[in-house]
Amino acid sequence: MKPTHIEHLGIAVKNLDESIKYYEEVLGLECYNIEEVKDQKVRTAFFKLGDTKLELLESTDPEGPIGKFVEKRGEGIHHIAFAVEDTQKALDDAAAKGVQLIDKTPRKGAENLNIGFLHPKSTHGVLTEFCCK
Ligand code: CO
């Protein structure tokens, strides 16, 4: 398993609309998609920079993972997502090397990608996502 590129950076924000404004008005990027992912209790907004995206995440529930993250650590970078050929295989490979998984099998994320997370305890502090189409 070797990721081909960084598919996206996940960034936790308090207010999606205000954050979109910053990325559009200050950085000149264009939000091309806003999507609610009920399963993860978030609303997401996407920007493209070459092969990589920014995924802004606003919690729709204070008890959801992003709600808790923002409560504890404030706004900021939440996770890094690597593009892999096969999310299940990437998860299995990591598990075989002793990495603790959050997802043993892939689930559907925003943009209909197959995603799976590694636990930050096993990744030197970085919540790590694998994703593929
Ligand atoms: Co993500």
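Where is T87 placed in this structure?

1. The model discussed here is predicted. T87 has its place in helix α3, which covers residues 87–96. T87 is buried, and its relative accessible area is 1%. A polar atom of the T87 side chain lies 3.3 Å from the backbone nitrogen of C132. With neighbours within four places in sequence left aside, the contacts of T87 are P106, N114, I115, G116, F130, C131 and C132.

2. The largest nonpolar core has 11 residues, namely I11, V13, L16, I20, Y23, L29, C31, A45, F47, L54 and L56. Two or more of these residues come from each of β1 (5–13), α1, β3 (42–49) and β4 (52–59). Helix α1 gives the most, with 3 residues. A separate, second core has 9 residues, among them V42, F46, L57 and F69. As a general remark, nonpolar side chains in soluble globular proteins tend to be buried together.

3. C31 is a member of the largest core. Not counting residues up to four places away in sequence, C31 touches I20, E24, A45, F46 and F47. Of these, I20, A45 and F47 are listed in the largest core, while F46 is included in the second core.

4. What does R43 form with D17? The two residues form a salt bridge, with 3.9 Å between the closest N and O atoms. R43 lies in strand β3 and D17 in helix α1, so this pair ties together parts that are 26 residues apart in sequence. R43 counts as partly exposed, at 23% relative accessibility. D17 also counts as partly exposed, at 48% relative accessibility. The 3.9 Å distance can be read against the cut-off of 4 Å for a salt bridge.

5. R43 also forms a salt bridge with E58, where the closest N and O atoms are 3.2 Å apart. E58 lies in strand β4 and R43 in strand β3, so the pair ties together parts that are 15 residues apart in sequence. E58 is buried, with a relative accessible area of 13%. The structure holds 7 salt bridges, counted over the model.

6. Another salt bridge joins the side chains of K53 and E111, at 2.9 Å from N to O. K53 lies in strand β4, and E111 lies in the loop between β6 (107–108) and β7 (114–118), so the pair ties together parts that are 58 residues apart in sequence. K53 counts as buried, at 11% relative accessibility. E111 counts as partly exposed, at 23% relative accessibility. Through salt bridges that share partners, E7, K53 and E111 are joined into one network.

7. Which value does phi of N112 take? Phi of N112 is near 60°, which is a positive value in a residue other than glycine. N112 is found in the loop between β6 and β7, the loop that also holds E111. N112 is exposed, with a relative accessible area of 53%.

8. H124 is not a glycine either, and has a positive phi of about 55°. H124 is found in the loop between β7 and β8, the latter being residues 128–132. At 80% relative accessibility, H124 counts as exposed.

9. On the surface, Y22, V26 and L27 form a nonpolar patch, and together they have about 290 Å² of accessible area. Y22 lies in helix α1, which spans residues 16–25. Y22 is partly exposed, with a relative accessible area of 39%.

Conventions. Residues numbered from 1 in each chain as written. Predicted model: local features only at pLDDT ≥ 70, side-chain atom pairs only at ≥ 80, totals over all residues. Heavy atoms only, no water. Patch = residues over 30% accessible without salt bridge, like charges linked within 9 Å, V, L, I, M, F, W, Y side chains within 5 Å. Areas by Shrake-Rupley, 256 points an atom, 1.4 Å probe, with all protein chains shown as cover. Helix = DSSP H or I, 4+ residues; strand = E, 2+ residues; numbered from the N terminus. Buried < 20%, exposed > 50% of the residue type's maximum accessible area, 1.4 Å probe, protein only. Polar contact = N/O pair within 3.5 Å; in protein donor to acceptor, adjacent residues only side chain to side chain. Contact = heavy atoms within 4.5 Å. Core = buried A, V, L, I, M, F, W, Y, C linked by side-chain atoms within 4.5 Å.
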